[in-house]
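Could you walk me through the helices of this model and how they pack?

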Amino acid sequence: MGRASNKENKNTYQLIREELGLSREKASELLETIMPERIEKIESGKSLPRPDEVITMAEKYKRPSLCNYYCSNQCPIGQL
């Protein structure tokens, strides 16, 4: 069984998905190229999203700020 999710351990990707009222399965259908299992890994911090995944989420979730978040906080180039 997975860990319980609370506001303190949710990352930006999960918070936005939940704001939109989407389950991981429904988000996967919307995103088309990202499977629910991959969404879980990104949201749980087990894996960082790839730039193409961030772009897809930003476009489909209508949240261009996700690109800024990724570039500022997770992209190796942005860390320089």
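Here is a short report on a few helices and their contacts.

This is a predicted model, in which local features need pLDDT of at least 70, side-chain atom pairs count only at pLDDT 80 or more, and totals for chains, interfaces and linings use all residues. Residues are numbered from 1 along each chain as its sequence is written, and side-chain values use heavy atoms, with hydrogens and water left out.

The table lists helices, which are DSSP runs (H or I, at least four residues) numbered from the N terminus.

| Helix | Residues |
|---|---|
| α1 | 12-19 |
| α2 | 24-31 |
| α3 | 36-44 |
| α4 | 51-60 |
| α5 | 65-73 |

Let's begin with α1, where Tyr 13, Gln 14, Ile 16 and Arg 17 are buried (under 20% relative accessible area, 1.4 Å probe, protein chains only). Seen down the axis of α1, these buried residues fall within an arc of 165° (taken from the directions from the helix axis to the C-beta atoms), so they line one face of the helix. Their cover includes α2, α3, α4 and α5. After α1 comes Gly 21, with a positive phi near 75°.

Now to α4, whose axis comes within 8 Å of that of α5 and crosses it at roughly 150° (axes are lines fitted to C-alpha atoms over the stretch in contact, with angles from 0 to 180 degrees between N-to-C directions). That makes α4 roughly antiparallel to α5 (angles over 145 degrees).

Thr 56 also sits in α4. Thr 56 is buried, at 16% relative accessible area, and touches Leu 31, Thr 33 and Ile 34, leaving aside residues up to four places away in sequence (contact means heavy atoms within 4.5 Å).

Conventions: Helix = DSSP H or I, 4+ residues; strand = E, 2+ residues; numbered from the N terminus. Buried < 20%, exposed > 50% of the residue type's maximum accessible area, 1.4 Å probe, protein only. Parallel < 35°, antiparallel > 145°, perpendicular 65-115°, else oblique.
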